[in-house]
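Visitor: I would like to learn how to read a structure like this one. Please take me through it feature by feature.

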Amino acid sequence: MSIQFIQYPKCTTCKKAQKWLDDNGVAYESIHIVEQTPSKEQLQAYYEQSGLPLKKFFNTSGVKYRELGLKDKLATMSEDEQLSLLASDGMLIKRPLVTDGKKLTLGFKESDFLETWK
């Protein structure tokens with residue numbers, strides 16, 4: 001599997017991550033997170049692949065997250081409910097999400113990108 005760069009084009013963090021990938025000669029397929037929101041099954045696979053807590057997949061600084069009051073609701077929701085919610089709206093997913101099917105990074109930290117994608 002080639003590297004998938006799942007992002008929202010207007011997101012400044014996504015732009016920084018994309019610039020890093022370009023500057024470092026990393027080939028990737030760009031996927032618009034709202035137009036092609038990952039399915040619940042894809043998100044389940046990403047979650048299992050990442051080893052991260054599921055709450056890390058939520059874009060906690062997003063408007064949608066705040067509108068839905070998820071800060072207080074996530075703790076009482078099942079994993080299945082959380083995955084369904086994430087799959088329902090790409091704006092709820094932390095971005096960029098970069099994966100090659102084996103490794104995965106969420107958000108953009110240059111040190112993580114160096115370690116994972118260089």
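Visitor: What pattern does the protein follow, read along the sequence?

Guide: Bear in mind that this is a predicted model. Read along the sequence, the pattern is β-α-β-α-α-α-α-β-β-α. In total the protein has six helices and four strands.

Visitor: What share of the residues is buried?

Guide: Buried means under 20% relative accessible area. Of the 118 residues in the protein, 42% are buried. The accessible surface comes to about 6700 Å², and carbon and sulfur atoms account for 48% of that surface.

Visitor: And what share of the contacts comes from residues 24 or more positions apart?

Guide: Among contacts with a separation of 6 or more, 66% are between residues 24 or more positions apart.

Visitor: Let us take a helix. Which residues of helix H6 are buried?

Guide: The general idea comes first. An α-helix has 3.6 residues a turn, so residues three or four places apart point the same way. In H6, which spans residues 110-117, Phe113, Thr116 and Trp117 are buried. Down the helix axis, the buried residues of H6 fall within an arc of 80°, so they line one face of the helix.

Visitor: What covers the buried residues of H6?

Guide: The cover includes helix H1 (12-23), S3 and strand S4 (104-106).

Visitor: Now the charged side chains. How many salt bridges does the structure hold?

Guide: Four. To read one, look for a side-chain nitrogen of Lys or Arg within 4 Å of a carboxyl oxygen of Asp or Glu. One of them joins Asp80 and Lys40, with N to O at 2.6 Å. This pair links distant parts of the chain, since Asp80 lies in helix H5 (residues 79-88) and Lys40 lies in helix H2, 40 residues apart.

Visitor: How accessible are Asp80 and Lys40?

Guide: Asp80 is partly exposed, at 47% relative accessibility. Lys40 is also partly exposed, at 25%.

Visitor: Which residue does Asp89 meet in a salt bridge?

Guide: Asp89 meets Lys64, at 3.4 Å from N to O. Here too the pair links distant parts of the chain: Asp89 sits in the loop between H5 and strand S3 (97-99), and Lys64 is in helix H3 (residues 63-67), 25 residues apart. Asp89 is buried, with a relative accessible area of 16%, whereas Lys64 is partly exposed at 33%.

Visitor: What is the salt-bridge partner of Lys103?

Guide: Asp100 is the partner, and the closest N and O atoms are 3.4 Å apart. Asp100 is buried at 14% relative accessibility, while Lys103 is partly exposed at 37%.

Visitor: Polar contacts next. With which residue does the side chain of Gln7 make a polar contact?

Guide: The side chain of Gln7 pairs with that of Ser30, at 2.8 Å. Gln7 is in strand S1 (residues 4-7) and counts as buried at 5% relative accessibility. Setting aside neighbours within four places in sequence, the contacts of Gln7 are Cys14, Ser30, Ile31, His32, Ile33 and Pro96.

Visitor: Is Gln49 buried or partly exposed?

Guide: Gln49 is partly exposed, with a relative accessible area of 25%. Gln49 belongs to helix H2 (residues 40-50). Beyond neighbours within four places in sequence, Gln49 is in contact with Thr99, Gly101, Lys102, Lys103 and Leu104.

Visitor: Last, a loop. Where is Met91 found, and what does Met91 touch?

Guide: Met91 is in the loop between H5 and S3. Not counting residues up to four places away in sequence, Met91 touches Tyr8, Val34 and Asn59. Met91 counts as partly exposed, at 27% relative accessibility. Met91 and Ser2 are 89 residues apart in sequence, and their C-alpha atoms are 24 Å apart in space.

How values were computed
Residues numbered from 1 in each chain as written. Predicted model: local features only at pLDDT ≥ 70, side-chain atom pairs only at ≥ 80, totals over all residues. Heavy atoms only, no water. Helix = DSSP H or I, 4+ residues; strand = E, 2+ residues; numbered from the N terminus. Buried < 20%, exposed > 50% of the residue type's maximum accessible area, 1.4 Å probe, protein only. Contact = heavy atoms within 4.5 Å. Polar contact = N/O pair within 3.5 Å; in protein donor to acceptor, adjacent residues only side chain to side chain. Areas by Shrake-Rupley, 256 points an atom, 1.4 Å probe, with all protein chains shown as cover. Arc of directions from axis to C-beta.
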